[in-house]
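User: I would like to learn how to read the main features of a protein model, one at a time. Could you take me through this one, giving the general idea before each case?

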Amino acid sequence: MRNFILGVILLFSIDSFSQSQISQDNFEGNSTISTWFGDSCGMDNSFVNPFQNGINTSTKVLKYTDAGAQYANVRFDAGFNYNLNTSSVFTLKIYVPSSGITGNQTNQISLKLQNGSVTSPWATQCEIIKPIVLNQWQTISFNFATDNFINLDPTSQNPINRSDFNRVLIQVNGENNTSQVTAYIDDFYYSGAASVFNTLVWSDEFDTNGGINTTKWFPQTQLPNGNNWYNGELQHYTNRQVNSSVNNGILSIVAKRETFTDQGKTKQFTSARLNSKFAFKYGRVEVRAKLPIGAGTWPAIWMLGKNINEPGGYWTSTFGSLNWPACGEIDIMEHWGTNQNIVSSAVHHPINGNLSVGEYISNAQNKPGVSINYHVYAVEWDAQKITFSVDGINHLTYNPAIKNQYTWPFNAEQYILLNVAIEPSVTAGFIQSAMEVDYVRVYQQTALENNNVDKSTNLVLFPNPASDEITLKSSGNLLGATISIHSLLGQELETFTLNTEETTLNISNYQSGIYILKVNSQEGIQSYKFIKK
């Protein structure tokens, strides 16, 4: 990468900051929500607050007017898929005047999560309903980890185990009725941690020109069975710079049509397959790449168990003890030139009862222009699940209920592979094309992070990122808790007792970066991250 930011080389890259999940709107210009929609209802998201009293004296609010439509609601699309494993709490303020309602509906508010990317988003819905009091401002919290929820499809997973929610709906006094209601909504807020994996432990930014960095990569060239590579592939992999080289901050893995003889076998295509000389257990991998083009090209960004027994692999001579698929395979990104706009991810593991036969689970994402533009392909892997994303949008989570040597060989170190294969479907006109890689980064968890965070605790930090002040909004069960703030190097910067449900901290003299806020209460110790801009 040409312009790696040295200012954050301590532990973080700028890209890890961009993964923060924040949805907020105070309807006075401080918003991360691009567009609100009103379905079968009137909506004005810059309405003068008619009830500037109590807990809400702000100037502007969202006015919601249901004139009796059966399914009236307001909604927005987040622009990312919510990771409810890191934060499951949504909060807002609401005021419903008694003069604005008709009928005998229960006074309530619903917050619904849906997948807005599918044809029938309502079929994916998960909903929490909370009672409201008329004629006063009140703060309502919706916690998908602890509140009672309703899955429209009763076969759907627990919402905190899902990764497809990207739409939020708000509905007042229920649906499927013709009653009228006017409501005022303010200070919508959700903040999710980007990832518990926030320490940069290994990377290649491809800053030098010429050959690959051989302290980080091993070019795998040996034909595993002495004749061919797997899956009927047509190429030789080589260690030549014409197939893998670094220029102007970019690694190019070039698949070429050329006659090439190696190991006594002549083939009509060459390419490169690189093994990382770094292996790890659990973390986040991010690879920013632009993919080759042309039917027959098969680029991949993937991982294999360090314990694989594969002829010619970097780790086999010292750690090879298991054959594929017993070693486990994690495919961060695969792309087939015959299906240009689709990128796929998968996990491969042994079929139950037979370590020699593989099965897999996969899913894909439509991503036009993958051979024109760079995208960030990522995976997060921990002791319970593996989640795949493109540009922060998740499309697959693997989390088997039973984890054993067949379903979960992913409890040992894996290494990274980058390659471009050539399939028999290659067209006669194909000459060459490259996968271009801007960077490869691996993040793991800092020692300060707490693996046993109690997600039932209602603590919200906003705004996040923050400039000079950050506000802690908590539920009453945290009053009396000890709050401490730490740098990422472990230094305790300040400590105090939480005496009110809303506390504002002055962080103007903090240096820019990421900090850990720890809450020590009768419910245990919880850790939260915030960013000082």
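User: Does E286 count as buried or exposed?

Analyst: This is a predicted model, in which local features need pLDDT of at least 70 and side-chain atom pairs count only at pLDDT 80 or more, while totals for chains, interfaces and linings use all residues. Residues are numbered from 1 along each chain as its sequence is written, and side-chain values use heavy atoms, with hydrogens and water left out. Burial is read from relative accessible area, with buried meaning under 20%, exposed over 50% and partly exposed in between (1.4 Å probe, protein chains only). E286 has 1% relative accessibility and therefore counts as buried.

User: Where does E286 lie, and with which side chain does the side chain of E286 make a polar contact?

Analyst: Strands are DSSP runs of E with at least two residues, and helices are runs of H or I with at least four, both numbered from the N terminus. E286 lies in strand β20, residues 283–290. A polar contact is a pair of N or O atoms within 3.5 Å; within protein, one must be able to donate a hydrogen and the other to accept it, and residues adjacent in sequence count only if both atoms are side-chain atoms. The side chain of E286 makes such a contact with that of R284, at 2.7 Å.

User: What is the order of the open sheet of three strands?

Analyst: Strands of a sheet pair through backbone hydrogen bonds, either parallel or antiparallel. Two strands are taken as paired if DSSP finds at least two bridges between them. Here the order is β30-β31-β34, with antiparallel pairing. Because β30 (459–462) and β34 (502–506) stand at the edges with a single partner strand each, one side of each is left without a neighbour in the sheet. Strand β31 (residues 469–474) is joined to β34 by five bridges, and I470 stands opposite L505 in β34.

User: Which residues have the most contacts inside the largest nonpolar core?

Analyst: A nonpolar core is a set of buried Ala, Val, Leu, Ile, Met, Phe, Trp, Tyr and Cys residues joined through side-chain atoms within 4.5 Å. The largest has 46 residues, and Y377, I386 and I416 have the most contacts inside it. Apart from this core lies another, of 36 residues, including I33 and V168.

User: How many helices and strands are there in the protein chain, and what percentage of its residues count as buried?

Analyst: The protein chain has two helices and 36 strands, and of its 533 residues 55% count as buried. Its C-alpha atoms fill a box of roughly 85 × 50 × 45 Å, taken along the principal axes.
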